[in-house]
Amino acid sequence: MAVISVLVLTVTGLGWHSVDRLISGIERIGNLGLGGDKADGATDILMVGIDSRTDAHGNPLSSNELAMLHAGDDGEGGLNTDTIVLIRVPNDGSSATAISIPRDSYVDIPGLGMGKINSAYGVTKATTQQKLIDKGADPAEADRRSTQAGRQALVKSVANLTGITVDHYAEVGLLGFVLLTDAVGGVEVCLKSPVDEPLSGADFPAGSQKLSGAQALSFVRQRHELPRGDLDRIVRQQVYMAQLVHQVLSAKMLTSPGRLTELSNAVGRTVVLDDGWDVLGFLHELRDLSGGQVKFETIPVKDLNGWTDNGESVVRVDPAAVHRFVAKAVGDDEAPSQGGVDPSTVTVDVYNASGTGGLAAQAAQALAAKSFRTGTVDNWIGGPVQSSRVLAASAGDPRARAVAQVLGGLPVLAQAGLPEGSVRVVLASDYSGPGSATGGATFDFSGSSTTATPVPPAPPIDAGTNGPKCVN
């Protein structure tokens with residue numbers, strides 16, 4: 001919302017002075033472990049909606065604001081990132097692709113192990129904060145450092161899941177969504193059927209209607225009583241954002257000084273961006289962007305109704321399938337191994353951390369067939385591993401990324417202590433690439449058991465469509 005809103009100011013003809021005035025009030029944060037460059041041909045932005053009871057500067061929301069948000073007055077879950085969107089914009093600003101990640105996606109969270117991706121921020125912050133306080137850190141300093149650690153964990157979790165290095169970070173709280181929506185005069189939506197769901201506050205008739213900020217928040221937060229739960233909520237978020245982009249780019253509604261003031265106040269109070277982001281320069285690249293060049297996608301889901309061993313409901317995803325889908329969605333489906341890496345110069349160690357005998361040898365054979373050299377092939381003795389990965393001195397190592405692509409799009413993780421140029425593959429029970437029983441050539445949406453509920457990607461939602469798309 002923050003990035004879209006400031007983009008609108010540019011494309012609707014307001015001067016750079018006005019844009020600079022808006023941007024100057026935004027809270028900035030640093031040291032998030034971001035890429036910060038365009039070496040891969042695009043700017044990749046992680047936008048998160050945080051279920052926070054404070055504003056961007058840490059000030060508590062008023063009781064009236066909490067009541068309007070249907071957020072409750074306690075802090076439980078207040079740092080869950082319930083909206084996670086990765087946006088890729090090519091260097092020439094010609095298009096934008098926004099990819100939503102379900103909040104309950106069960107992923108490998110750095111430092112924590114497997115968990116729901118929306119908990120990466122909050123749980124990391126809580127554990128880090130307690131450790132710092134136990135060591136005698138000042139409470140304010142512990143809060144600052146632990147918040148930074150939480151954001152870093154979320155950035156790494158998204159990068160590992162998608163295979164995309166995050167360049168910039170944007171965060172907005174519940175209140176920010178309301179204020180930013182009101183600043184643009186509300187947004188039109190369309191419902192197939194009437195809804196009345198008190199937990200979110202969603203109470204709307206069927207058909208097209210324009211929603212104010214508080215109404216819009218209820219619209220995009222509802223998940224109970226929807227056929228596909230959180231996935232239908234993601235669809236609502238996407239049609240809302242698509243219609244917002246369409247409205248402001250076609251109607252030029254933000255040419256009013258009054259609207260600018262309202263938007264500036266909203267952004268200054270509720271938006272957080274990384275401090276290395278030259279937003280003015282970025283917006284200048286987007287001056288020719290139109291609604292038809294903005295699309296919204298959702299990653300494939302292996303099992304919508306998954307469960308963990310301890311009885312937690314999760315959304316199971318296949319990282320290899322997500323890597324392939326994201327690469328294709330952003331127009332980057334050329335194999336990294338074709339980007340200047342000579343396989344014959346790369347030696348790969350392959351380890352089996354699964355219960356499947358011979359898996360490392362079979363994967364090594366698949367790599368050898370692509371001209372990679374085989375190093376150590378053995379069972380893994382480095383402790384439990386719950387998800388397959390490729391390890392290298394740097395997550396951006398082109399040799400490691402080439403190996404990862406051949407093995408079906410595995411995540412590439414940095415491993416402290418590995419020499420530069422070393423590539424190590426660790427295969428867990430989730431591995432479905434070459435050498436596995438399924439071969440990993442394509443993502444299997446038929447489901448591997450009678451209880452799994454796989455959800456393949458739906459057609460993208462295009463912001464250039466006239467009128468809001470009617471949804472559940």
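Me: In which helix does Asn160 lie?

Reply: Helices (H or I, at least four residues) and strands (E, at least two) are DSSP runs, numbered from the N terminus. Asn160 lies in helix H5, which spans residues 139-162. Please note that this is a predicted model, in which local features need pLDDT of at least 70 and side-chain atom pairs count only at pLDDT 80 or more, while totals for chains, interfaces and linings use all residues. Residues are numbered from 1 along each chain as its sequence is written, and side-chain values use heavy atoms, with hydrogens and water left out.

Me: Is Asn160 buried or exposed?

Reply: Buried means under 20% relative accessible area, exposed over 50%, and partly exposed in between (1.4 Å probe, protein chains only). Asn160 has a relative accessible area of 18% and is therefore buried.

Me: With which residues is Asn160 in contact, leaving aside its neighbours within four places in sequence?

Reply: Contact means heavy atoms within 4.5 Å. On that basis, Asn160 touches Pro110, His323, Pro411, Val412 and Leu413.

Me: Which residues have a positive phi although they are not glycines?

Reply: Asn31, with a phi of about 55 degrees, is one of them; Ser371, at about 80 degrees, is another. Asn31 sits in the loop between S1 and strand S2 (42-50) and counts as exposed because its relative accessibility is 55%. Ser371 belongs to the loop between helix H12 (359-369) and strand S17 (373-379); at 42% relative accessibility, Ser371 counts as partly exposed.

Me: What is the strand order of the open sheet of 8 strands?

Reply: Strands of a sheet pair through backbone hydrogen bonds, either parallel or antiparallel. Two strands count as paired if DSSP finds at least two bridges between them. Here the order is S1-S12-S7-S2-S3-S4-S13-S21, with mixed pairing. Strand S1 (27-29) and strand S21 (461-462) are the edge strands, each pairing on one side only.

Me: In which sense do S13 and S21 pair?

Reply: Strand S13 (residues 294-298) pairs with S21 in the antiparallel sense, over 2 bridges. Within this pairing, Phe296 stands opposite Ile461 in S21.

Me: What is the mean pLDDT of the protein chain?

Reply: pLDDT is the predictor's confidence in each residue, from 0 to 100. The chain has a mean of 83, and 86% of its residues reach 70 or more.
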